[in-house]
Amino acid sequence: MSKNKVTIMKVCFTANGTTLDALMEERFGRAPYFVIVESETESFEAIKNPYADGGGGVGPKAAQVLIANNVKALISGQVGGNAQEVLAAAGIEMYTYRAVGSVKDALDQFTKNMLARSG
Amino acid sequence: MKIAVASGKGGTGKSMMAANLAFTLAWTGQVTLVDCDVEEPNLHLFFPAPASTREVTMPVPVIDETKCQHCGLCGEFCQYGALTVLQSRVLFFPELCHSCGGCMLVCPNGAIHEEPKRIGTLSTSAPQPGLKLISGTLETGSPHAVPVIRAAKKQAAHDQLVIIDTAPGTSCPVVEALDGCDACILVTESTPFGLHDLQLAVDVAARLGIPTGIVINRSDGKDEETLRFCIDHDLEILMTIPFSREIAAIQNRGDLLCRAQPEWQKDFCALFFKYRALTGVER
(Lines give C-alpha, C1' and ligand atoms only; values in the text may rest on other atoms or scores of the structure.)
Protein backbone atom coordinates (compact mmCIF):
# COMPACT_ATOMS: atom_id res chain seq x y z
CA MET A 1 0.00 0.00 0.00
CA SER A 2 1.34 3.43 -0.87
CA LYS A 3 2.68 5.38 2.06
CA ASN A 4 2.57 8.84 0.54
CA LYS A 5 -1.23 9.03 0.23
CA VAL A 6 -2.51 11.16 3.08
CA THR A 7 -6.24 11.45 2.36
CA ILE A 8 -8.47 8.81 3.83
CA MET A 9 -10.91 7.65 1.22
CA LYS A 10 -14.22 5.95 1.93
CA VAL A 11 -14.93 3.14 -0.50
CA CYS A 12 -18.32 1.44 -0.67
CA PHE A 13 -18.77 -2.25 -1.58
CA THR A 14 -22.17 -3.75 -2.39
CA ALA A 15 -22.41 -6.83 -0.19
CA ASN A 16 -24.64 -9.64 1.00
CA GLY A 17 -23.52 -9.32 4.61
CA THR A 18 -22.02 -6.98 7.16
CA THR A 19 -18.38 -8.05 7.31
CA LEU A 20 -15.32 -8.05 5.03
CA ASP A 21 -15.93 -11.78 4.53
CA ALA A 22 -19.42 -11.18 3.16
CA LEU A 23 -19.98 -12.11 -0.47
CA MET A 24 -20.11 -9.24 -2.93
CA GLU A 25 -23.54 -8.44 -4.38
CA GLU A 26 -23.62 -7.70 -8.08
CA ARG A 27 -26.52 -5.23 -7.98
CA PHE A 28 -26.15 -1.74 -6.59
CA GLY A 29 -29.63 -0.35 -5.81
CA ARG A 30 -30.93 -3.63 -4.41
CA ALA A 31 -27.78 -4.74 -2.59
CA PRO A 32 -28.71 -5.87 0.94
CA TYR A 33 -25.74 -4.06 2.54
CA PHE A 34 -23.23 -1.38 1.79
CA VAL A 35 -19.87 -2.15 3.41
CA ILE A 36 -17.97 1.14 3.63
CA VAL A 37 -14.21 0.74 4.07
CA GLU A 38 -11.68 3.46 4.83
CA SER A 39 -9.07 2.60 2.27
CA GLU A 40 -6.01 3.57 4.36
CA THR A 41 -6.94 2.09 7.73
CA GLU A 42 -9.16 -0.74 6.45
CA SER A 43 -11.61 -0.01 9.24
CA PHE A 44 -15.14 -0.47 8.00
CA GLU A 45 -18.81 -0.13 8.79
CA ALA A 46 -21.81 -1.88 7.24
CA ILE A 47 -25.01 -0.03 6.40
CA LYS A 48 -28.22 -1.89 5.70
CA ASN A 49 -29.61 -0.66 2.38
CA PRO A 50 -33.11 0.59 3.20
CA TYR A 51 -34.06 0.35 -0.51
CA ALA A 52 -33.05 -3.30 -1.08
CA ASP A 53 -36.70 -4.34 -1.38
CA GLY A 54 -38.04 -1.04 -2.69
CA GLY A 55 -40.58 -0.81 -5.47
CA GLY A 56 -38.85 1.48 -7.92
CA GLY A 57 -36.38 4.31 -8.20
CA VAL A 58 -34.08 2.53 -5.77
CA GLY A 59 -30.91 3.44 -7.69
CA PRO A 60 -30.97 7.21 -7.05
CA LYS A 61 -32.18 6.65 -3.47
CA ALA A 62 -29.31 4.24 -2.75
CA ALA A 63 -26.91 6.73 -4.35
CA GLN A 64 -28.14 9.33 -1.85
CA VAL A 65 -27.13 6.97 0.98
CA LEU A 66 -23.58 6.95 -0.39
CA ILE A 67 -23.54 10.74 -0.74
CA ALA A 68 -24.76 11.16 2.84
CA ASN A 69 -21.95 8.86 4.04
CA ASN A 70 -19.24 10.77 2.21
CA VAL A 71 -18.30 7.84 0.02
CA LYS A 72 -15.76 8.64 -2.70
CA ALA A 73 -15.75 5.39 -4.67
CA LEU A 74 -18.20 2.55 -5.29
CA ILE A 75 -17.30 -1.05 -6.13
CA SER A 76 -20.22 -3.01 -7.52
CA GLY A 77 -21.19 -5.32 -10.36
CA GLN A 78 -23.97 -3.45 -12.01
CA VAL A 79 -24.98 0.19 -11.51
CA GLY A 80 -28.18 1.33 -13.26
CA GLY A 81 -28.36 4.39 -15.48
CA ASN A 82 -30.16 6.68 -13.03
CA ALA A 83 -27.86 5.75 -10.15
CA GLN A 84 -24.83 6.30 -12.39
CA GLU A 85 -26.04 9.79 -13.22
CA VAL A 86 -26.45 10.68 -9.54
CA LEU A 87 -23.10 9.14 -8.53
CA ALA A 88 -21.27 10.87 -11.38
CA ALA A 89 -22.85 14.22 -10.52
CA ALA A 90 -21.79 13.74 -6.90
CA GLY A 91 -18.25 12.94 -8.01
CA ILE A 92 -18.30 9.35 -6.75
CA GLU A 93 -16.04 7.08 -8.78
CA MET A 94 -17.47 3.73 -9.92
CA TYR A 95 -15.50 0.52 -10.37
CA THR A 96 -16.78 -2.80 -11.67
CA TYR A 97 -16.30 -6.05 -9.72
CA ARG A 98 -18.12 -8.98 -11.32
CA ALA A 99 -16.27 -11.99 -9.89
CA VAL A 100 -17.72 -14.17 -7.14
CA GLY A 101 -15.75 -13.12 -4.10
CA SER A 102 -15.85 -11.45 -0.71
CA VAL A 103 -15.64 -7.77 0.08
CA LYS A 104 -12.03 -8.47 1.11
CA ASP A 105 -11.28 -9.95 -2.33
CA ALA A 106 -12.78 -6.93 -4.07
CA LEU A 107 -10.93 -4.53 -1.75
CA ASP A 108 -7.71 -6.35 -2.50
CA GLN A 109 -8.22 -5.96 -6.25
CA PHE A 110 -9.23 -2.33 -5.81
CA THR A 111 -6.12 -1.43 -3.82
CA LYS A 112 -3.97 -3.21 -6.46
CA ASN A 113 -5.67 -1.00 -9.03
CA MET A 114 -7.01 -4.04 -10.90
CA LEU A 115 -10.65 -2.94 -11.23
CA ALA A 116 -11.99 -1.20 -14.32
CA ARG A 117 -13.52 2.23 -13.88
CA SER A 118 -17.12 2.50 -15.10
CA GLY A 119 -19.82 5.16 -15.36
CA MET B 1 -71.95 -1.10 -19.45
CA LYS B 2 -68.21 -1.63 -19.57
CA ILE B 3 -66.87 -4.86 -21.04
CA ALA B 4 -63.19 -5.68 -20.57
CA VAL B 5 -61.36 -8.17 -22.75
CA ALA B 6 -58.20 -9.51 -21.10
CA SER B 7 -56.14 -12.68 -21.28
CA GLY B 8 -53.06 -13.09 -19.15
CA LYS B 9 -51.09 -14.63 -22.00
CA GLY B 10 -50.35 -12.40 -24.97
CA GLY B 11 -51.42 -13.33 -28.48
CA THR B 12 -54.49 -15.33 -27.50
CA GLY B 13 -56.87 -13.10 -29.44
CA LYS B 14 -58.01 -10.27 -27.15
CA SER B 15 -58.02 -7.67 -29.88
CA MET B 16 -59.73 -10.08 -32.26
CA MET B 17 -62.49 -10.64 -29.68
CA ALA B 18 -62.87 -6.96 -28.85
CA ALA B 19 -62.90 -5.88 -32.50
CA ASN B 20 -65.44 -8.49 -33.61
CA LEU B 21 -67.69 -7.87 -30.63
CA ALA B 22 -67.63 -4.11 -31.28
CA PHE B 23 -68.18 -4.61 -35.03
CA THR B 24 -71.22 -6.82 -34.35
CA LEU B 25 -72.82 -4.76 -31.59
CA ALA B 26 -72.36 -1.50 -33.51
CA TRP B 27 -75.13 -2.63 -35.91
CA THR B 28 -77.59 -2.57 -33.00
CA GLY B 29 -76.56 0.61 -31.18
CA GLN B 30 -73.75 2.97 -30.25
CA VAL B 31 -70.54 1.21 -29.17
CA THR B 32 -67.25 2.68 -27.99
CA LEU B 33 -64.18 0.52 -28.41
CA VAL B 34 -61.21 1.56 -26.27
CA ASP B 35 -57.73 0.24 -27.02
CA CYS B 36 -56.05 0.20 -23.60
CA ASP B 37 -53.08 -1.84 -24.80
CA VAL B 38 -51.25 1.48 -24.96
CA GLU B 39 -47.78 -0.01 -25.38
CA GLU B 40 -48.87 -1.75 -28.57
CA PRO B 41 -52.31 -0.54 -29.68
CA ASN B 42 -53.55 -2.40 -32.75
CA LEU B 43 -57.35 -2.05 -33.03
CA HIS B 44 -56.94 0.80 -35.53
CA LEU B 45 -55.52 -1.79 -37.94
CA PHE B 46 -58.95 -3.48 -38.09
CA PHE B 47 -60.73 -0.11 -38.37
CA PRO B 48 -58.72 2.25 -40.55
CA ALA B 49 -60.29 5.72 -40.44
CA PRO B 50 -59.16 9.33 -40.05
CA ALA B 51 -58.68 10.10 -36.37
CA SER B 52 -58.42 13.23 -34.25
CA THR B 53 -55.52 13.07 -31.85
CA ARG B 54 -54.79 14.84 -28.59
CA GLU B 55 -51.91 14.71 -26.13
CA VAL B 56 -51.93 12.98 -22.76
CA THR B 57 -49.69 14.71 -20.24
CA MET B 58 -48.74 14.36 -16.61
CA PRO B 59 -47.47 17.15 -14.37
CA VAL B 60 -43.79 17.00 -13.41
CA PRO B 61 -41.81 19.35 -11.15
CA VAL B 62 -39.57 22.07 -12.53
CA ILE B 63 -36.95 23.50 -10.16
CA ASP B 64 -36.19 27.21 -10.13
CA GLU B 65 -32.45 27.14 -9.39
CA THR B 66 -32.51 30.84 -8.43
CA LYS B 67 -34.83 30.06 -5.51
CA CYS B 68 -33.59 26.56 -4.58
CA GLN B 69 -31.46 26.45 -1.40
CA HIS B 70 -30.56 22.75 -1.93
CA CYS B 71 -32.03 21.90 1.46
CA GLY B 72 -32.84 18.38 0.23
CA LEU B 73 -36.42 18.19 1.58
CA CYS B 74 -37.92 17.36 -1.83
CA GLY B 75 -35.42 14.55 -2.39
CA GLU B 76 -36.14 13.10 1.05
CA PHE B 77 -39.85 13.32 0.44
CA CYS B 78 -39.86 11.67 -2.98
CA GLN B 79 -40.53 7.95 -2.49
CA TYR B 80 -39.75 7.19 -6.13
CA GLY B 81 -36.17 8.46 -6.26
CA ALA B 82 -37.14 11.02 -8.90
CA LEU B 83 -35.35 13.91 -7.16
CA THR B 84 -31.78 13.88 -5.89
CA VAL B 85 -30.46 17.03 -4.26
CA LEU B 86 -26.72 17.57 -4.46
CA GLN B 87 -24.74 20.42 -2.90
CA SER B 88 -25.25 22.81 -5.76
CA ARG B 89 -27.84 21.24 -8.04
CA VAL B 90 -30.94 19.06 -8.18
CA LEU B 91 -31.17 16.00 -10.42
CA PHE B 92 -34.63 15.11 -11.71
CA PHE B 93 -35.54 11.79 -13.35
CA PRO B 94 -38.90 12.33 -15.08
CA GLU B 95 -39.39 8.62 -15.79
CA LEU B 96 -39.39 7.90 -12.04
CA CYS B 97 -41.84 10.70 -11.15
CA HIS B 98 -45.40 9.68 -10.29
CA SER B 99 -46.78 13.25 -10.38
CA CYS B 100 -47.82 13.21 -6.71
CA GLY B 101 -46.96 16.91 -6.32
CA GLY B 102 -45.46 16.32 -2.87
CA CYS B 103 -42.10 17.93 -3.71
CA MET B 104 -43.92 21.16 -4.55
CA LEU B 105 -45.74 21.08 -1.19
CA VAL B 106 -42.69 20.40 0.96
CA CYS B 107 -40.41 22.97 -0.71
CA PRO B 108 -39.98 25.80 1.85
CA ASN B 109 -38.66 28.22 -0.80
CA GLY B 110 -41.40 27.97 -3.42
CA ALA B 111 -38.76 26.84 -5.88
CA ILE B 112 -40.86 24.08 -7.47
CA HIS B 113 -43.73 24.40 -9.91
CA GLU B 114 -45.28 21.83 -12.24
CA GLU B 115 -45.31 21.68 -16.00
CA PRO B 116 -47.07 19.14 -18.22
CA LYS B 117 -44.93 16.42 -19.76
CA ARG B 118 -46.22 14.51 -22.78
CA ILE B 119 -46.53 10.78 -22.04
CA GLY B 120 -48.80 9.66 -24.87
CA THR B 121 -51.68 10.40 -27.20
CA LEU B 122 -55.37 9.56 -27.58
CA SER B 123 -56.78 9.06 -31.06
CA THR B 124 -60.53 9.07 -31.63
CA SER B 125 -62.20 7.95 -34.85
CA ALA B 126 -65.60 6.85 -36.18
CA PRO B 127 -64.74 3.96 -38.51
CA GLN B 128 -68.32 2.76 -39.06
CA PRO B 129 -71.82 3.90 -38.12
CA GLY B 130 -72.43 3.28 -34.43
CA LEU B 131 -68.77 2.72 -33.62
CA LYS B 132 -66.34 5.06 -31.90
CA LEU B 133 -62.74 3.91 -31.54
CA ILE B 134 -60.46 5.46 -28.89
CA SER B 135 -56.81 4.37 -29.04
CA GLY B 136 -54.33 5.22 -26.32
CA THR B 137 -50.70 5.26 -27.39
CA LEU B 138 -47.87 5.49 -24.89
CA GLU B 139 -44.94 7.70 -25.84
CA THR B 140 -41.92 5.58 -26.79
CA GLY B 141 -39.65 5.24 -23.77
CA SER B 142 -42.24 6.41 -21.25
CA PRO B 143 -42.92 3.94 -18.43
CA HIS B 144 -46.24 5.59 -17.50
CA ALA B 145 -48.84 3.39 -19.19
CA VAL B 146 -51.40 3.73 -16.41
CA PRO B 147 -52.18 7.48 -16.80
CA VAL B 148 -52.63 6.99 -20.58
CA ILE B 149 -55.06 4.11 -19.93
CA ARG B 150 -56.90 6.24 -17.38
CA ALA B 151 -57.18 9.08 -19.91
CA ALA B 152 -58.48 6.71 -22.62
CA LYS B 153 -61.15 5.31 -20.27
CA LYS B 154 -62.09 8.81 -19.12
CA GLN B 155 -62.71 9.82 -22.74
CA ALA B 156 -65.36 7.05 -22.87
CA ALA B 157 -66.72 7.71 -19.37
CA HIS B 158 -70.15 8.90 -20.51
CA ASP B 159 -70.65 6.38 -23.29
CA GLN B 160 -73.36 3.72 -22.95
CA LEU B 161 -71.64 0.57 -24.12
CA VAL B 162 -67.88 0.45 -23.84
CA ILE B 163 -65.59 -2.42 -24.87
CA ILE B 164 -62.11 -2.21 -23.39
CA ASP B 165 -59.21 -4.12 -24.95
CA THR B 166 -56.53 -4.54 -22.28
CA ALA B 167 -52.81 -5.24 -22.43
CA PRO B 168 -51.65 -8.82 -21.92
CA GLY B 169 -50.31 -9.84 -18.55
CA THR B 170 -51.63 -9.18 -15.06
CA SER B 171 -49.71 -6.07 -14.02
CA CYS B 172 -50.72 -2.44 -13.39
CA PRO B 173 -51.88 -1.63 -16.96
CA VAL B 174 -54.30 -4.59 -16.87
CA VAL B 175 -55.55 -3.77 -13.37
CA GLU B 176 -56.14 -0.14 -14.41
CA ALA B 177 -58.04 -1.25 -17.55
CA LEU B 178 -60.19 -3.76 -15.60
CA ASP B 179 -61.01 -1.34 -12.79
CA GLY B 180 -64.66 -0.33 -12.90
CA CYS B 181 -65.69 -2.83 -15.60
CA ASP B 182 -68.94 -4.76 -15.10
CA ALA B 183 -67.35 -8.05 -16.07
CA CYS B 184 -64.44 -9.31 -18.08
CA ILE B 185 -63.97 -11.72 -20.93
CA LEU B 186 -60.76 -13.70 -20.55
CA VAL B 187 -59.43 -15.11 -23.81
CA THR B 188 -57.30 -18.22 -23.58
CA GLU B 189 -55.91 -20.78 -26.03
CA SER B 190 -55.38 -24.54 -26.08
CA THR B 191 -51.83 -24.48 -24.75
CA PRO B 192 -50.29 -25.00 -21.30
CA PHE B 193 -49.14 -21.36 -21.40
CA GLY B 194 -52.64 -20.20 -22.21
CA LEU B 195 -54.03 -22.06 -19.21
CA HIS B 196 -51.24 -21.00 -16.87
CA ASP B 197 -51.68 -17.32 -17.62
CA LEU B 198 -55.47 -17.67 -17.60
CA GLN B 199 -55.21 -18.85 -14.00
CA LEU B 200 -53.28 -15.69 -13.09
CA ALA B 201 -55.78 -13.47 -14.89
CA VAL B 202 -58.75 -15.18 -13.20
CA ASP B 203 -57.09 -14.47 -9.85
CA VAL B 204 -56.65 -10.77 -10.70
CA ALA B 205 -60.28 -10.40 -11.81
CA ALA B 206 -61.45 -12.18 -8.65
CA ARG B 207 -59.41 -9.84 -6.45
CA LEU B 208 -60.95 -6.87 -8.25
CA GLY B 209 -64.39 -8.40 -7.68
CA ILE B 210 -65.15 -8.54 -11.41
CA PRO B 211 -67.24 -11.45 -12.77
CA THR B 212 -65.42 -13.42 -15.43
CA GLY B 213 -66.34 -15.47 -18.52
CA ILE B 214 -63.95 -17.46 -20.67
CA VAL B 215 -63.38 -17.62 -24.42
CA ILE B 216 -61.24 -20.48 -25.75
CA ASN B 217 -59.60 -19.35 -28.97
CA ARG B 218 -57.69 -21.47 -31.50
CA SER B 219 -59.18 -24.56 -29.87
CA ASP B 220 -57.68 -27.83 -31.07
CA GLY B 221 -60.65 -29.66 -29.55
CA LYS B 222 -58.59 -30.95 -26.64
CA ASP B 223 -59.45 -28.42 -23.98
CA GLU B 224 -60.07 -30.84 -21.10
CA GLU B 225 -57.65 -29.12 -18.74
CA THR B 226 -59.07 -25.68 -19.44
CA LEU B 227 -62.61 -27.03 -19.06
CA ARG B 228 -61.69 -28.67 -15.76
CA PHE B 229 -60.19 -25.41 -14.50
CA CYS B 230 -63.34 -23.52 -15.52
CA ILE B 231 -65.61 -26.06 -13.78
CA ASP B 232 -63.46 -25.97 -10.64
CA HIS B 233 -63.65 -22.17 -10.55
CA ASP B 234 -67.26 -21.89 -11.64
CA LEU B 235 -66.36 -20.00 -14.81
CA GLU B 236 -68.65 -20.04 -17.82
CA ILE B 237 -67.23 -20.72 -21.29
CA LEU B 238 -68.78 -17.94 -23.35
CA MET B 239 -67.47 -19.09 -26.71
CA THR B 240 -65.04 -21.52 -28.34
CA ILE B 241 -63.35 -20.59 -31.63
CA PRO B 242 -61.67 -23.45 -33.49
CA PHE B 243 -58.08 -23.47 -34.65
CA SER B 244 -58.52 -22.67 -38.32
CA ARG B 245 -56.18 -21.62 -41.07
CA GLU B 246 -59.06 -19.79 -42.71
CA ILE B 247 -59.69 -17.61 -39.64
CA ALA B 248 -55.96 -16.93 -39.33
CA ALA B 249 -55.87 -15.79 -42.96
CA ILE B 250 -58.76 -13.37 -42.38
CA GLN B 251 -56.90 -11.88 -39.41
CA ASN B 252 -53.63 -11.70 -41.31
CA ARG B 253 -55.06 -9.56 -44.05
CA GLY B 254 -56.42 -7.15 -41.43
CA ASP B 255 -60.02 -8.19 -41.90
CA LEU B 256 -62.55 -9.13 -39.23
CA LEU B 257 -64.00 -12.59 -38.80
CA CYS B 258 -67.52 -11.15 -38.51
CA ARG B 259 -67.07 -9.04 -41.66
CA ALA B 260 -65.59 -11.85 -43.77
CA GLN B 261 -67.91 -14.54 -42.41
CA PRO B 262 -71.07 -12.72 -41.22
CA GLU B 263 -72.53 -15.94 -39.78
CA TRP B 264 -70.13 -15.41 -36.85
CA GLN B 265 -72.10 -12.31 -35.85
CA LYS B 266 -74.78 -14.43 -34.22
CA ASP B 267 -72.11 -16.18 -32.15
CA PHE B 268 -70.80 -12.83 -30.97
CA CYS B 269 -74.37 -11.69 -30.19
CA ALA B 270 -74.88 -14.89 -28.19
CA LEU B 271 -71.62 -14.18 -26.37
CA PHE B 272 -72.89 -10.71 -25.53
CA PHE B 273 -76.12 -12.10 -24.04
CA LYS B 274 -74.15 -14.57 -21.92
CA TYR B 275 -71.90 -11.74 -20.88
CA ARG B 276 -74.84 -9.57 -19.88
CA ALA B 277 -76.19 -12.40 -17.75
CA LEU B 278 -72.80 -12.54 -16.01
CA THR B 279 -72.94 -8.91 -15.01
CA GLY B 280 -76.62 -8.72 -14.19
CA VAL B 281 -76.59 -5.27 -15.87
CA GLU B 282 -79.08 -4.31 -18.58
CA ARG B 283 -77.69 -2.61 -21.62
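User: How are helices and strands assigned and numbered in this predicted model?

Analyst: Helices and strands are DSSP runs, numbered from the N terminus. An example from this predicted model is strand β10 of chain B, residues 212-219, which contains B:Arg218.

User: Is B:Arg218 buried or exposed?

Analyst: A residue is counted as buried if 20 or more other C-beta atoms lie within 10 Å of its own. B:Arg218 has 21 other C-beta atoms within 10 Å and is therefore buried.

User: Where is B:Ser99 found, and what is its phi?

Analyst: B:Ser99 is found in the loop of chain B that runs between β5 (90-92) and α4 (102-106). Its phi is near 60 degrees, again a positive value in a residue other than glycine. B:Ser99 is classed as partly exposed because 19 other C-beta atoms lie within 10 Å.

User: How is chain B divided into domains?

Analyst: Domain 1 of chain B comprises 2-56 + 119-279, and domain 2 covers 59-118. Taken over C-alpha atoms, the centres of domain 1 and domain 2 of chain B are separated by 39 Å.

User: Which residues have the most contacts inside the largest nonpolar core?

Analyst: A nonpolar core is a set of buried residues of nonpolar kinds joined through C-beta atoms within 7 Å. The largest one here has 87 residues, and those with the most contacts inside it include B:Ile3, B:Val5, B:Ala22 and B:Ile164. Helix α1 of chain B, residues 14-25, gives the most to this core, with eight residues. Domain 1 and domain 2 of chain B each provide at least three residues of this core.

User: With which residues is B:Ile164 in contact, leaving aside its neighbours within four places in sequence?

Analyst: Among them are B:Lys2, B:Ile3, B:Ala4, B:Val5, B:Val34 and B:Cys181.

User: How many residues does each chain bring to the contact between chain A and chain B?

Analyst: Chain A brings 13 residues and chain B brings nine residues. On the chain A side, α1 (58-68) and α2 (81-89) each supply at least two residues, and α1(A) gives the most, with six residues. By kind, the residues on that side of chain A are six nonpolar, five polar and two charged.

Definitions and conventions. Residues are numbered from 1 along each chain as its sequence is written. Chains are lettered from A and ligands numbered from 1 in the order in which they are written. This is a predicted model: local features need pLDDT of at least 70, side-chain atom pairs count only at pLDDT 80 or more; totals for chains, interfaces and linings use all residues. Two residues are in contact if their C-beta atoms, placed from the backbone, lie within 7 Å. Helices (H or I, at least four residues) and strands (E, at least two) are DSSP runs, numbered from the N terminus. Ala, Val, Leu, Ile, Met, Phe, Trp, Tyr, Cys and Pro count as nonpolar, Asp, Glu, Lys and Arg as charged, and the others, Gly among them, as polar. Domain bounds come from an automatic or database domain assignment. A residue is buried if 20 or more other C-beta atoms lie within 10 Å of its own, exposed if 12 or fewer, and partly exposed in between; C-beta atoms are placed from the backbone.
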